[in-house]
Amino acid sequence: MPYSCLHSDEALLSAMAAGDQQAFTHLYRRYWKGLYMAAAKALRDRDAAADIVQDIFLSLWNRRTELQVEGSLAAYLQTSVRYKVIHFIERNIVRHDYVSQLSNIESSAMPPVAEIRLQLKDAQLIIHQTVSRMPPKMQEVYKLSREEHLSHKEIADKMGISSETSKKHIQHAMKLIKLALGQTASTASILAGFLLLKK
């Protein structure tokens, strides 16, 4: 059947379930860009966003015979992106410095949903309190890194310490913040939700 006749997602999913690779390709082309843009906006990491979307479509193809999509395929795929983004943030919350993003979200930029605003403010308070309890030198290094965006070498030169010491202070500071936040799924979920919804 010509693909011009297969306009609906349901028809394409049905053809894909029967092993039709062209149906899969059609769905891929239909949704890839939107899913990639959403993931890239949230993660600020194009490679990770591309990997996430590739994983989603690989899973879609691998599970084609038993896949049950309730509602629209678009909503199903967007939900898949959200879960993958949350999982990525959970695993990389320190390495990709999502904690710093979380602490720097301005009140005016927070979503209108009261519950999410409250959760974001609670997380920011935990970060602020944790930083305020750090040893003075660690606190200074953390602030120079996260607030003034200085490199390890720039911090080392400014404070008269080695780059390695600067790096270790940052690593310990981030571990303390991660521990204080509890590294819970809810923290990653809150941040992912904000980043995915942000204009």
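A crossing of two helices is called right-handed if the near helix is turned clockwise from the far one by less than a right angle, and left-handed if anticlockwise. In this predicted model, local features need pLDDT of at least 70 and side-chain atom pairs pLDDT 80 or more, while totals for chains, interfaces and linings use all residues. Residues are numbered from 1 along each chain as its sequence is written, and side-chain values use heavy atoms, without hydrogens and water.

Helix 8 passes helix 9 in a right-handed crossing. Helices here are DSSP runs (H or I, at least four residues), numbered from the N terminus. Helix 8 (residues 152-159) and helix 9 (residues 163-181) pack at about 110°, with axes 8 Å apart; the axes are lines fitted to C-alpha atoms over the stretch in contact, and angles run from 0 to 180 degrees between N-to-C directions. Helix 8 is therefore roughly perpendicular to helix 9, a term covering 65 to 115 degrees.

The whole structure holds 3 salt bridges, each a side-chain nitrogen of Lys or Arg within 4 Å of a carboxyl oxygen of Asp or Glu.

| Salt bridge | N to O distance |
|---|---|
| Asp 9 and Arg 30 | 2.5 Å |
| Lys 158 and Glu 148 | 3.7 Å |
| Asp 157 and Lys 153 | 3.1 Å |

Relative accessible area (1.4 Å probe, protein chains only) classes a residue as buried under 20%, exposed over 50% and partly exposed in between. Asp 9 is buried at 12%, whereas Arg 30 is partly exposed at 34%. Asp 157 is exposed at 55%, and Lys 153 is exposed at 53%. Asp 157 and Lys 153 lie 4 residues apart in helix 8, so about one helical turn separates them.

Conventions:
Helices (H or I, at least four residues) and strands (E, at least two) are DSSP runs, numbered from the N terminus. Angles under 35 degrees count as roughly parallel, over 145 as roughly antiparallel, 65 to 115 as roughly perpendicular and the rest as oblique.
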